[in-house]
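The structure under discussion is shown below.

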Amino acid sequence: MIHRLLMDGLPQTMTKPRNVAQEELERRRLAWYYNHLLKTVLQGETAPALERELYDLWRIESEDALSCMLIQTREQSPLLQKQVQESLCLSWDQLFTDSAGRLLVILKAPQTVDAAGEQLYSRLASVWPSVLIAISPVMRGRGSIQALYASALKLLLQKQYEAGSGFISGGRRSAAVAELTLEDDVHLEAARIEKHERELFVRELEQVLRLTKKGVPDVVMIRLRISMLELEVCSRITQLGGDVAPLLERLRYRSGSLEELSTYRTLKAYGLTLYDEAAVLLDSLHEGKESSPVEQAISRIDQEYRSGLQLQELARAVHVNPNYLGYIIKRRVGVSFKAYIHSRRIEEAKRLLRHTGSSIHQIAMEVGYSNADYFIRMFKRTTGLLPTVYRQQ
């Protein structure tokens, strides 16, 4: 049906051109027909017989190695198409457009296809600075056009998100980017800020910025992860007695509203600004808290929660009455001395369950519980799950 509807617009004299002008007109109409046929193939709305028309047109055999090249600029023009055709030595039946107006080429994939793509990018970028070129990984033969196009499109969208323009090849970089999940702990990223571990922080931020959904950037999830980090940092500042309002105001002033950011560059700038501003504020708060008995006590708990640390022993170490120390610890962290130790042990146990193959008994001993049954009860009371169930999630 599609074939008949498309062909209705073609002249009856297509196979018998009368002159050069008529021949050019019929060539253009054929190009229009095949371009619409390709679009229906890409959308999965066509029949095998029609797909074979394209394969026959391009002289594709079942074992041919193929790549798809997509070319996108903000403005399409005949000059762009002419430069692409000249650079890649394409005939009229080898250059197409997809439904979004991107130029599309199916190439038999020799070893030089990446070099050709880079040369084309260099030539086009001098005229169209916003140009994006993506080349899919190589696939074999007939039936692969949809997959080739989808792969090239994912790469192009990824490059557009990261840099706005440029050249990217699936032969050098996988279109599938490793995904993180909400279960990945933002505590570590917040700790990087507090410890001035900028290089590690940047590396972990870049992983977050490459969260994907079906192979393309998942900007909503990326914003959520950065927002969680921001919340964690603000919580730490509040615990140290600081005011987060000026920090958030400076952050919005320097980088804009997180909800409005959508590119790799702007989201990375937001994360780095958060690091810079928070690191300065946390430093100043630590300087004012270093001599505080409660800060000394909590620091010691964080280091020695695995041992049998007692409140009386801790109070003697920081030269404070035990009852008063218990009171100010509860005000500072929101729970009692014993509950805070249990929470630190359970958090460490969760990390070990996620990232090690240690037995439940071994983990119980490692986090400070001499009785595995007691550890299991405390873990379930805190998390609502048995350790074995938590590990399986």
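## Helix H13 and its buried side

In helix H13, which spans residues 311–318, the residues Leu311, Leu314, Ala315 and Val318 are buried. These residues lie on the same side of H13, because the arc they cover around the axis is only 100°. The model is a predicted one.

Just after H13 comes histidine 319, whose phi is positive at about 60°.

## The contact between H16 and H17

Helix H16 (residues 360–367) packs with helix H17 (residues 372–383) at an angle of about 85°, and their axes are 9 Å apart. H16 and H17 are therefore roughly perpendicular to each other. On the H16 side, the contact is made by Ile360, His361, Ile363, Ala364, Met365 and Val367. On the H17 side, Ala372, Phe375 and Ile376 take part. Sorted by class, the contact of H16 with H17 comprises 8 nonpolar residues and 1 polar residue, with no charged residues.

Leucine 248 belongs to helix H10 (residues 245–255). With a relative accessible area of 24%, leucine 248 is partly exposed; the cut-off for a buried residue is under 20%. Setting aside neighbours within four places in sequence, leucine 248 is in contact with Glu230 and Cys234. Leucine 248 and cysteine 234 are 14 residues apart along the chain, and their C-alpha atoms are separated by 8.9 Å.

Glutamate 230 is part of helix H9 (residues 219–239). Is glutamate 230 buried or exposed? Its relative accessibility is 9%, so glutamate 230 counts as buried. When residues up to four places away in sequence are not counted, glutamate 230 touches Leu248, Leu251, Arg252, Tyr270 and Leu274.

## Positive phi in two loops

Two loop residues are considered here. Cysteine 89 sits in the loop between helix H4 (78–88) and strand S2 (96–97). Its phi is near 55°, a positive value in a residue other than glycine. Cysteine 89 counts as exposed, because its relative accessibility is 69% and the cut-off for exposed is over 50%.

Histidine 196 is located in the loop between helix H7 (187–194) and helix H8 (198–208). Phi of histidine 196 is near 60°, which is again positive in a residue other than glycine. At a relative accessible area of 43%, histidine 196 is partly exposed.

## The chain as a whole

The protein chain contains 18 helices and 8 strands. Of its 393 residues, 43% are buried. Among contacts in the protein chain with a separation of 6 or more, 66% are accounted for by residues 24 or more positions apart.

The accessible surface of the protein chain comes to about 21,100 Å². Carbon and sulfur atoms contribute 51% of that surface.

Definitions and conventions. Residues numbered from 1 in each chain as written. Predicted model: local features only at pLDDT ≥ 70, side-chain atom pairs only at ≥ 80, totals over all residues. Heavy atoms only, no water. Helix = DSSP H or I, 4+ residues; strand = E, 2+ residues; numbered from the N terminus. Buried < 20%, exposed > 50% of the residue type's maximum accessible area, 1.4 Å probe, protein only. Contact = heavy atoms within 4.5 Å. Areas by Shrake-Rupley, 256 points an atom, 1.4 Å probe, with all protein chains shown as cover. Axes fitted to C-alpha atoms, helices over the stretch in contact; angles between N-to-C directions. Parallel < 35°, antiparallel > 145°, perpendicular 65-115°, else oblique. Nonpolar A, V, L, I, M, F, W, Y, C, P; charged D, E, K, R; others polar. Arc of directions from axis to C-beta.
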